[in-house]
Amino acid sequence: MKHLYKNFLQDQRVYNLNEAFYKRLVEAVTGSEAFHFFRSRYANGQKIYDGHIFSTRYEGRILQVIQREPDSDYPVLRARHKKWDGQYDMLVLTLELSEEIKLLLKKIVKAWLVEKTAFEEISSMLPGSPMSNYENSNPAPVVNDDGE
Amino acid sequence: MQNLQHVNPLSPMSKKEHRGRIQAQSDHLEESVSWSQDTPPSLKQGLDMANELKGKLSKKELKKRKKQFEQLERFMKNASESGGIYSPEFRSFENEDIKDGTRVDFELWAGAFGLSLVIIIVLFFLT
């Protein structure tokens, strides 16, 4: 497994390069300039370097990428769907960036932002390993008891 | 703070200037505490809301999110110490050891959170 931008959480220069990678990817997919949707900065201007590395909004859909420090020897890419402020469909991708994921990521970003693919179909595009994916689609029944 | 839990911030009638929620989720759980108000929530309000959300969870669900609540509270404290944060902002704190999406999310939909008192007063007189 060849991971990319491995030490992005330790080195702000690498983090910024890593962030630029996502910006380029989104721009290549949408054909238009990509801007952060979420600020990822405190009010004093200080940037937050915590792995919520890129977000964008395109034609009413939001994409948030959360990159984890690489520590798996299998492809890690999980997705979930949220409704942002009751109006925008939002796809949250949690991943460890590797060559394998990079190839898949472009397809998923294009499917979500450009082709307006349904979340269920996005889910089916994710790596099949039971260790790298989980079902988490629509509002589920609340189970909040202490039963074992 | 207690009155906030009765507000549905998704309702068009409750479109206040400062809105958001914190949420505990997994593929089998969805609990949240929302705010919708005229002034930005303070750090204390944020921490109170986190505690309110904890109170909605079973011991088992809370235990699975112990570290994630600590991360949320640290994020809110860092934000407050750095002058606050403006919307839109989203932070997700996930328990990576459990493969069911167990997490705590912070969603700032509109307005601001954790601003200093001086900025709140200025904003109040500007609006």
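Modeller: The model is predicted, so local features need pLDDT of at least 70, side-chain atom pairs count only at pLDDT 80 or more, and totals for chains, interfaces and linings use all residues. Residues are numbered from 1 along each chain as its sequence is written, chains are lettered from A and ligands numbered from 1 in the order written, and side-chain values use heavy atoms, without hydrogens and water.

Biologist: In what order do the 4 strands of the open sheet of chain B lie?

Modeller: Strands here are DSSP runs of E of at least two residues, and helices are runs of H or I of at least four, numbered from the N terminus. Two strands pair if DSSP finds at least two bridges between them. The pairing in this sheet is antiparallel, and the order is β2-β1-β5-β4 (chain B).

Biologist: Which are its edge strands?

Modeller: An edge strand of this sheet pairs on one side only. The edge strands are β2 (29-37) and β4 of chain B.

Biologist: How many bridges join β4(B) to β5(B)?

Modeller: These strands run antiparallel. Glu89(B) has Leu108(B) as its bridge partner, and Phe93(B) stands opposite Val104(B). The count of bridges is 6.

Biologist: Which residue of β5(B) is the bridge partner of Gln25(B)?

Modeller: Strand β1 (residues 18-26) of chain B pairs with β5(B) over 7 bridges, in the antiparallel sense. For Gln25(B), the partner in β5(B) is Arg103(B).

Biologist: Why is strand β5 (residues 103-110) of chain B called largely enclosed by the rest of the structure?

Modeller: Buried means under 20% relative accessible area, exposed over 50%, and partly exposed in between (1.4 Å probe, protein chains only). Strand β5(B) is largely enclosed because its buried residues number 8 of the 8.

Biologist: Which strands does helix α3 (residues 66-81) of chain B lie across?

Modeller: Angles run from 0 to 180 degrees between N-to-C directions, with axes fitted to C-alpha atoms, for helices over the stretch in contact. Contact means heavy atoms within 4.5 Å. Helix α3(B) runs at about 150° to β4(B) and lies across β1, β4 and β5 of chain B.

Biologist: Now chain A. Which are the edge strands of its open sheet?

Modeller: The order of the 4 strands is β1-β2-β4-β3 (chain A), with mixed pairing. Each edge strand pairs on one side only: β1 (52-58) and β3 (77-84) of chain A.

Biologist: What angle does helix α2(A) make with β4(A)?

Modeller: Helix α2(A) lies across β1, β2, β3 and β4 of chain A. Its angle to β4(A) is about 175°.

Biologist: Is the crossing of α1(A) past α2(A) left-handed or right-handed?

Modeller: The axes of helix α1 (residues 12-30) and helix α2 (residues 99-114) of chain A come within 9 Å and cross at roughly 50°. That makes α1(A) oblique to α2(A); under 35 degrees counts as roughly parallel, over 145 as roughly antiparallel, 65 to 115 as roughly perpendicular, and the rest as oblique. A crossing is left-handed if the near helix is turned anticlockwise from the far one by less than a right angle, and right-handed if clockwise. Helix α1(A) passes α2(A) in a crossing that is right-handed.
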